[in-house]
Amino acid sequence: MGRLTLEDLRAMKRRGEKIPMLTAYDYPVARILDEAGIPLLLVGDSLGMVVLGYASTIPVTMEDMIRHTRAVVSGSRRAFIVADLPFMTYSISVEEALRNAARLIQEGGAQAVKLEGGFPVLRVVRRLVEAGIPVMGHLGLTPQAIHQLGGYRVQGKNPEAAQRLLEEARALEKAGAFAVVLECIPSSLAAEITANLSIPTLGIGAGPDCDGQVQVISDLIGLFPDFLPRHACRYVNVAQWIRRAALSFARQVRAGTFTPGEGTLEEEQPEGGTT
Ligand code: KIV
């Protein structure tokens with residue numbers, strides 16, 4: 001069985017089958033998520049924050065995205081891999097957008113790219129799709145525009161902004177996008193957009209009525225220490241496991257009892273797993 005295709009994703013929407021999508025940034029996690037049957041993996045530029053420790057996604061480069069996309073592709077066999085186009089790599093000209101998207105597909109091995117925005121990116125979306133590159137849109141809270149938005153806030157709250165987001169979603173579909181992420185918008189608006197599109201919507205902080213939900217893996221497993229966004233859900237606390245392993249190792253080394261291959265796995269569950 002090969003990788004899932006765009007047609008598989010379309011069929012999921014037609015059947016009303018909810019779509020789980022997670023971010024992945026490296027080989028081991030991609031492998032675990034792929035084996036767990038997650039159909040859509042996003043190499044998000046959130047890696048700038050949750051892996052590289054930047055304050056925002058803005059410093060992420062094409063080289064970062066290509067390196068991490070390659071790792072996620074290597075770790076997965078079945079998932080459809082979407083890679084984010086970083087800040088300003090698709091805004092200067094259509095030619096540059098084509099060149100950068102081509103690199104994520106050709107050098108990174110992704111099946112599709114994601115870019116943020118509505119009306120301003122339609123021409124780019126059309127050209128990428130014409131060139132044979134599947135495009136996922138991203139509307140609502142678009143983190144690459146954080147300086148313009150003035151903070152990580154819910155978008156589309158007033159009627160004019162909501163109407164614009166609905167029109168932008170329709171326009172993205174018409175331009176050929178195969179799916180659209182809806183980030184931090186009111187549930188009622190996300191439900192209306194979802195009902196108006198024949199392509200899947202993937203919500204994050206957009207209520208339960210999207211066709212699927214996307215989450216940042218580091219939030220889900222407790223591996224990002226700085227904050228947990230309100231729309232995130234933490235199922236396990238991997239940070240506690242890592243801390244426990246490091247403490248056990250250090251204790252054994254200091255006591256002179258560390259013996260490789262001696263089965264030092266501790267069986268108890270770490271505390272603090274929350275949902
Ligand atoms: O970069 C990312 O992880 C994203 C998701 C939050 C949708 O764009």
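Predicted model: local features only at pLDDT ≥ 70, side-chain atom pairs only at ≥ 80, totals over all residues.
A polar contact is a pair of N or O atoms within 3.5 Å; within protein, one must be able to donate a hydrogen and the other to accept it, and residues adjacent in sequence count only if both atoms are side-chain atoms.

Residues are numbered from 1 along each chain as its sequence is written, and side-chain values use heavy atoms, with hydrogens and water left out.

The side chain of Ser46 has an N or O atom 2.5 Å from a ligand oxygen atom. For Asp84, a polar side-chain atom lies 3.1 Å from an oxygen atom of the ligand. On its own, the ligand has 260 Å² of accessible area, and the protein covers 95% of it. Such areas come from the Shrake-Rupley method with a 1.4 Å probe; for residues, only the protein chains shown count as cover.

Which residues surround the ligand? They are Thr23, Leu42, Gly44, Asp45, Ser46, Asp84, Lys114, His138, Val181, Ile204 and Val216. A residue is near a molecule if one of its heavy atoms lies within 4 Å of it. This shell holds four nonpolar, four polar and three charged residues. Here Ala, Val, Leu, Ile, Met, Phe, Trp, Tyr, Cys and Pro count as nonpolar, Asp, Glu, Lys and Arg as charged, and the others, Gly among them, as polar.

The ligand takes up the space of the largest pocket. On a 1 Å grid over the protein atoms alone, a pocket is an open set of points with protein on both sides within 12 Å along at least five of seven lines. A molecule sits in a pocket if more than half of its atoms lie within 2 Å of its grid points.

## Two positive phi angles

Met88 has phi near 70 degrees, a positive value in a residue other than glycine. Its place is the loop between strand S3 (80-84) and helix H5 (94-106). Helices (H or I, at least four residues) and strands (E, at least two) are DSSP runs, numbered from the N terminus. Met88 is partly exposed, at 37% relative accessible area. Buried means under 20%, exposed over 50%, and partly exposed in between (1.4 Å probe, protein chains only).

Cys184 is not glycine either, and its phi is positive, near 50 degrees. Cys184 sits in the loop between strand S6 (179-183) and helix H9 (187-196). Cys184 is buried, with a relative accessible area of 9%.

## Pairs along the chain

| Pair | Apart in sequence | C-alpha distance |
|---|---|---|
| Met1 and Arg78 | 77 residues | 7.3 Å |
| Gln215 and Met21 | 194 residues | 6.7 Å |
| Val236 and Gly222 | 14 residues | 6.1 Å |
| Ala239 and Pro225 | 14 residues | 8.0 Å |

Met1 lies in the segment before helix H1 (6-15). It is exposed, at 87% relative accessibility. Gln215 belongs to strand S8 (residues 212-215). Is Gln215 buried or exposed? Gln215 counts as buried, at 11%.

Val236 is in the loop between helix H10 (217-220) and H11. Its relative accessibility is 39%, so Val236 counts as partly exposed. Ala239 is in helix H11 (residues 238-255). Ala239 is partly exposed too, at 23% relative accessible area.

Conventions:
1 Å grid on protein atoms, 1.4 Å probe; cavity = no way out; pocket = protein on both sides within 12 Å on 5 of 7 lines; lining within 4 Å.
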